[in-house]
Each structure stands twice: as structure tokens, then as C-alpha cells.
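Hi,

Here is the structure I promised to pass on to you. Have a look around first, and then read on for what turned up in it.

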Amino acid sequence: MAIRDLLYFPDELLHQVSTPVTQFDESLAELVSDMFETMYHDEGIGLAAPQINIRKRVVVIDIEGDKLPEHQIVLINPEFLSKEGTDSINEGCLSVPGLRAHINRAEKVSIKAQNLKGDFFTLDASGLLAICIQHEIDHLDGHLFIDYLSPMKRNLYRTKAAKLARERKRALKEAQETNQ
Ligand SMILES: [Zn+2]
């Protein structure tokens with residue numbers, strides 16, 4: 001298991017569409033395990049593979065954040081079957097640190113997806129889980145929640161994102177120097 005590096009806004013790679021998974025093998029299981037570890041490390045409740053620079057349609061979710069296997073949801077090649085109602089929460093994203101915003105989402109969703117073995121299943125969700133699923137499937141289609149905001153708000157965040165990127169770089173450099 002390993003913590004993978006995240007991609008951050010405004011990296012254009014986050015805007016690419018991910019391809020369906022066709023091989024349900026050991027390397028897929030390893031990817032999912034790394035995704036959970038990366039998500040927990042950064043205290044997220046969901047993570048999509050393109051956020052760690054893997055453009056495959058793979059999502060992990062744990063809205064409880066307690067690492068219990070019964071709370072861990074793995075969605076391979078997820079697709080919406082239906083959406084109903086409207087809802088919004090103050091959303092955040094590991095790839096867009098330091099920003100939260102209300103986005104209009106469906107209140108209830110029904111999806112189909114495959115598990116690690118390739119078996120199909122359906123899932124009905126509402127509330128936080130439904131919003132999380134919509135946020136993560138957006139990632140697979142190359143959409144970030146910040147894309148829904150006004151150009152002015154997005155530009156304001158660009159300045160903050162650049163500052164955060166400099167801080168990450170500095171922290172990484174310091175960590176490397178300490179390790180020498
Ligand atoms: Zn996100």
C-alpha cells in the first residue's frame with residue numbers, strides 16, 4: 001500500500017475524461033487500496049483515480065471516514081441510472097484545497113457499477129452519499145466542482161491555488177532536506 005501524489009487544480013489533466021476499466025486484476029485491487037490510503041491520509045471522504053493521475057473510471061468512497069470495510073465503497077465504471085430532486089452541501093475536494101462551495105446536485109441517485117471482481121451491482125443513495133457519488137463521477141468525466149462556480153470566483157481561487165502550490169513545494173523541499 002502506498003500514498004500516491006495528488007493532482008491539484010488548475011492541472012489540465014484533471015479535465016480529461018477517464019477510460020473504462022476492462023481488466024479486473026491484481027493491479028486494480030492495488031490501485032483501489034492505494035486510493036483508500038491516499039484518501040484517508042488527506043482526510044477525504046471520496047477519491048477518483050484521475051486525482052492521482054490514473055485516468056481510469058475508479059472511485060472509492062467512505063463517508064464515515066472510519067476505515068471499516070463495511071463503510072468502504074468501491075465503484076468501478078459507475079453510471080447513473082436515475083437522478084431525482086435537488087440538494088446541495090458545502091462541498092470540498094482534495095484536488096481543490098482550501099475551497100468549499102454549494103453546488104446544485106440531485107438529492108437521490110441510483111447507479112450501476114462493477115466491483116473489484118467485475119460483478120455488476122446497483123446502488124441507491126441519498127444525502128451526503130448521493131452528493132459524493134455525483135462529485136466523484138464528475139471527476140471521471142473531467143469535471144471539478146469549481147467548474148460550476150462563476151469565472152470570478154474561479155479566478156479568485158487561482159491566486160490562492162498558486163500560493164498553496166508554492167507552500168507544498170517548499171514543504172516537500174524541506175522534507176527532502178531533512179531526510180538527507
Ligand atoms: Zn473531488
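**Aromatic pairs**

There are two aromatic pairs here, if rings of Phe, Tyr and Trp (for Trp, the six-membered ring) count as paired when their centres lie within 6.5 Å, and are called stacked with planes under 30 degrees apart, edge-to-face over 60 and tilted for the rest. Before going on: this is a predicted model, where local features need pLDDT of at least 70 and side-chain atom pairs count only at pLDDT 80 or more, while totals for chains, interfaces and linings use all residues. Residues are numbered from 1 along each chain as its sequence is written, and side-chain values use heavy atoms, with hydrogens and water left out.

Phe9 is in the segment before α1 and Tyr157 is in helix α3, so the pair ties together parts that are 148 residues apart in sequence. (Helices, H or I with at least four residues, and strands, E with at least two, are DSSP runs numbered from the N terminus.) Phe9 and Tyr157 are both buried; buried means under 20% relative accessible area, exposed means over 50%, and partly exposed is in between, using a 1.4 Å probe and protein chains only.

The other pair is Phe36 with Tyr40, which is stacked: 6.0 Å centre to centre, with 20° between the planes. These two residues sit in helix α1, four residues apart, or about one turn of the helix. Phe36 has 8% relative accessibility and counts as buried, and Tyr40 is buried too, at 13%.

The segment before α1 also holds Pro10, which is partly exposed at 44% relative accessibility. Its C-alpha is 8.9 Å from that of Ala162, although Pro10 and Ala162 are 152 residues apart in sequence.

**The zinc site**

Which residues coordinate the zinc ion? They are Cys93 (through SG), His135 (NE2) and His139 (NE2), at 2.1 to 2.2 Å. Donors are N, O and S atoms within 2.8 Å of the metal (3.2 Å for Na, K and Ca), and water is not among the atoms, so sites may look incomplete. Along the chain, the donors follow the spacing C-x41-H-x3-H. The two histidines, His135 and His139, belong to helix α2 (residues 127-140), where they are four residues apart, about one turn of the helix. Are they buried or exposed? Both His135 and His139 are buried.

**The sheet and its helices**

Five strands make an open sheet with antiparallel pairing, in the order β1-β2-β3-β6-β7. β1 and β7 (120-126) are at the edges with a single partner strand each, so one side of each has no neighbour in the sheet. From one strand to the next, the twist averages 40°. Two strands pair if DSSP finds at least two bridges between them; β6 (residues 108-114) and β7 are joined by seven, and run antiparallel. For instance, Lys108 has Ser126 in β7 as its bridge partner.

Helix α1 lies across β1, β2 and β3 (73-84), at about 45° to β2. Helix α2 lies across β1, β2, β3, β6 and β7, at about 125° to β7. Contact here means heavy atoms within 4.5 Å. Axes are lines fitted to C-alpha atoms (for helices, over the stretch in contact), and angles run from 0 to 180 degrees between N-to-C directions.

**Salt bridges**

How many salt bridges does the structure hold? Five, where a salt bridge is a side-chain nitrogen of Lys or Arg within 4 Å of a carboxyl oxygen of Asp or Glu.

- Arg4 and Asp34 form a salt bridge, with their closest N and O atoms 2.7 Å apart. It links distant parts of the chain, 30 residues apart: Arg4 is in the segment before α1 (26-41) and Asp34 is in helix α1. Arg4 is partly exposed at 26%, whereas Asp34 is buried at 4%.
- Arg57 and Asp141 meet in a salt bridge at 2.8 Å, N to O. Arg57 is buried, at 12% relative accessibility, and Asp141 is partly exposed, at 29%.
- Glu167 and Lys163 meet at 3.4 Å, N to O, and are four residues apart in helix α3, about one helical turn.
- Glu91, Arg105 and Asp138 are linked in a network of salt bridges.

Cheers
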